[in-house]
Amino acid sequence: MANQIVGIEMKLKTGLAEMLKGGVIMDVVNREQAVIAEKAGAVAVMALERVPSDIRKEGGVARMSPPEIVEEIMGAVSIPVMAKCRIGHFAEAMVLESLGVDYIDESEVLTPADEQYHIDKMDFKTPFVCGAKNLGEALRRIGEGAAMIRTKGEAGSGNVVEAVRHLRALRSQIRRLTTLGSEELMNEAKELGAPFSLVQWVAREGKLPVPNFAAGGIATPADAVLTMYLGAESVFVGSGIFKSQNPEKLAHAIVQATTNYQNPKIVAECSKGLGSPMRGLDVNLLKAEERLSERGW
Amino acid sequence: MKVGILALQGAVQPHEEKLKKLGITPIQVRYPEQLSDLAGIILPGGESTTMIHLLKLNKLWFPLKEFVQTKPTWGICAGSILLAKTVTHPFQESLEALDITIERNAYGRQNESFIDNLSETSDWKKFFKTDKAIEGVFIRAPRIKQLASNVKIIFKHKEEAVMVQKDKCLASTFHPELTDSTCIHEYFLSLCN
């Protein structure tokens with residue numbers, strides 16, 4: 001646990017992330033979707049203005065969800081409610097904290113508000129989750145105070161390939177750190193662009209000091225299972241659910257598959273009769289500026 | 001001795017680590033047939049609504065309901081909600097092993113989560129002799145609003161019951177698995193023995 005590093009506040013922040021492990025966190029844009037998510041067994045919901053695939057389609061600046069929508073969703077369900085703010089937009093984060101959301105996602109899915117700095121997350125009582133593509137990025141965010149890391153994946157693509165790439169990168173970079181001698185770690189911290197104390201911690205423990213979840217492009221129960229096998233401890237599902245033909249059934253199936261990820265018979269059973277999933281994009285055909293995972297520094 | 005941790009969702013791993021420190025490698029329980037030879041089970045923290053949903057999907061609801069009436073069981077936070085006879089805010093079904101009324105998210109949301117020292121009762125002092133205070137980690141925690149006379153209090157926070165016991169069934173609204181101490185896990189294992 002990271003609490004040896006940053007104390008009591010961090011214990012409460014990562015503590016809530018511990019409680020969300022083995023679960024599914026679903027993107028919702030209104031009260032009706034939040035209720036469907038809770039009934040399907042979601043461990044938390046993420047309130048946002050538009051799901052990533054719509055942001056991609058419609059373009060324009062994507063911002064924090066309007067406060068009344070966040071409050072409406074908080075009032076509709078008893079599970080934790082998360083909400084997204086723009087990278088570096090600490091004023092949006094302050095608004096979300098004052099509304100009492102349970103987790104803030106400083107997210108590359110929204111249009112960044114600062115192209116140099118992320119939010120100083122230590123300053124907040126509300127815990128933060130941040131996206132990462134690799135170990136260096138994950139440790140920079142943890143160094144700033146993130147209490148949970150998720151892969152960036154490629155949000156709104158319906159294509160799991162980027163989430164897989166990021167999970168594999170994290171896993172192999174962590175494994176590599178554990179094989180290094182103590183004298184090699186400072187140079188490694190330099191190469192990774194990560195705080196030395198966190199590099200030392202990961203080299204010793206062989207894992208991230210905060211929970212690590214998967215996100216970005218998960219569209220089917222088997223996608224969720226794949227990410228669990230690659231070391232994700234929970235799964236975020238964004239556009240995948242409410243852009244599918246049968247959201248209720250798919251939400252239900254992804255929850256069941258995530259819990260029973262080691263049991264392919266159950267995964268097969270719950271994958272039946274779901275109708276067509278969201279259509280999905282070939283991420284190799286996306287232009288550099290269309291790749292949300294490139295946002296964040 | 002075989003001890004299980006309900007592993008449908010939630011903070012399974014921190015309990016695993018505590019039990020391993022005490023020489024027990026726990027079984028992760030996801031299916032009904034795994035209950036048959038367990039000496040006891042931990043129902044970890046997590047989301048109680050999700051757990052109820054998954055208990056039913058995995059056909060564990062009724063077998064577990066039967067198990068917790070007689071066998072050593074410890075519910076933490078969401079687990080304590082599952083064990084309560086009555087659940088409020090909002091109302092939901094439960095395994096009804098302990099005659100208590102419990103209110104969900106009763107301190108507020110995550111911003112109201114807190115850590116504070118607990119006061120122990122004489123039952124605890126008989127079991128564990130130390131001057132060191134027990135730390136209570138409360139995360140979106142429930143509150144025990146009422147308890148029957150056959151339910152005894154093990155720990156209090158500001159005069160409110162936060163850990164209770166009836167026979168071999170324990171419920172705590174806080175998270176001992178997130179602290180450095182293993183003493184409450186030792187206490188649970190003593191009930192399993």
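A residue is called buried when its relative accessible area is under 20%. In this predicted model, A:Lys121 has a relative accessible area of 0%, and therefore counts as buried. The side chain of A:Lys121 meets that of A:Glu144 in a salt bridge, with an N to O distance of 2.7 Å. A:Glu144 belongs to helix α7 (residues 135–144) of chain A, whereas A:Lys121 sits in the loop between β4 (103–107) and β5 (128–132) of that chain, so the pair ties together parts that are 23 residues apart in sequence.

## Other salt bridges within the chains

Over all chains, a search of the whole structure finds 33 salt bridges. One of them joins the side chains of A:Lys21 and A:Glu18, at 3.1 Å from N to O. Both A:Lys21 and A:Glu18 are buried.

In chain B, a salt bridge links B:Arg143 with B:Glu160, and their closest N and O atoms are 2.9 Å apart. B:Arg143 lies in strand β9 (residues 143–147) and B:Glu160 in strand β11 (residues 160–166) of chain B, so this pair ties together parts that are 17 residues apart in sequence. B:Arg143 has a relative accessible area of 22% and is partly exposed. B:Glu160 is also partly exposed, with a relative accessible area of 29%. In chain A, salt bridges that share partners join A:Lys84, A:Asp105, A:Glu108 and A:Arg150 into one network.

## The interface between chains A and B

The size of an interface is often given as the accessible area lost when the parts come together. Between chain A and chain B, the buried area is about 2,900 Å², and carbon and sulfur atoms give 51% of this area. On the side of chain A, the residues that lose the most area to chain B are A:Lys11, A:Leu12 and A:Met19, which together account for 23% of what that side buries. The contact involves 40 residues from chain A and 37 residues from chain B.

The side chains of A:Asp102 and B:Arg109 meet in a salt bridge, with N and O 2.7 Å apart. In chain A, the elements that give two or more residues to the side touching chain B are α2 (8–19), α3 (31–39) and α13 (247–259). Of these, α2(A) gives the most, with eight residues. Sorted by class, this side of chain A has 16 nonpolar, 13 polar and 11 charged residues.

In soluble globular proteins, nonpolar side chains tend to be buried together. The largest nonpolar core in this model has 86 residues, and the members that touch the most others are A:Met26, A:Leu96, B:Ile41 and B:Leu64. Helix α13(A) supplies the largest share of this core, six residues. Leaving aside residues up to four places away in sequence, the residues that A:Met26 touches include A:Ala37, A:Val45, A:Met46, A:Ile241 and A:Val255. A second, separate core has 47 residues, among them A:Leu12, A:Ala17, A:Ala44 and A:Ala146.

## Helix α10 of chain A

Helix α10 spans residues 196–205 of chain A, and its buried residues include A:Leu198, A:Val199, A:Trp201, A:Val202 and A:Ala203. After α10(A) comes A:Gly206, which has a positive phi, near 70°.

How values were computed. Residues numbered from 1 in each chain as written. Chains lettered and ligands numbered in written order. Predicted model: local features only at pLDDT ≥ 70, side-chain atom pairs only at ≥ 80, totals over all residues. Heavy atoms only, no water. Contact = heavy atoms within 4.5 Å. Buried area = accessible area lost by both parts, 1.4 Å probe. Salt bridge = Lys/Arg side-chain N within 4 Å of Asp/Glu carboxyl O. Helix = DSSP H or I, 4+ residues; strand = E, 2+ residues; numbered from the N terminus. Nonpolar A, V, L, I, M, F, W, Y, C, P; charged D, E, K, R; others polar. Buried < 20%, exposed > 50% of the residue type's maximum accessible area, 1.4 Å probe, protein only. Core = buried A, V, L, I, M, F, W, Y, C linked by side-chain atoms within 4.5 Å.
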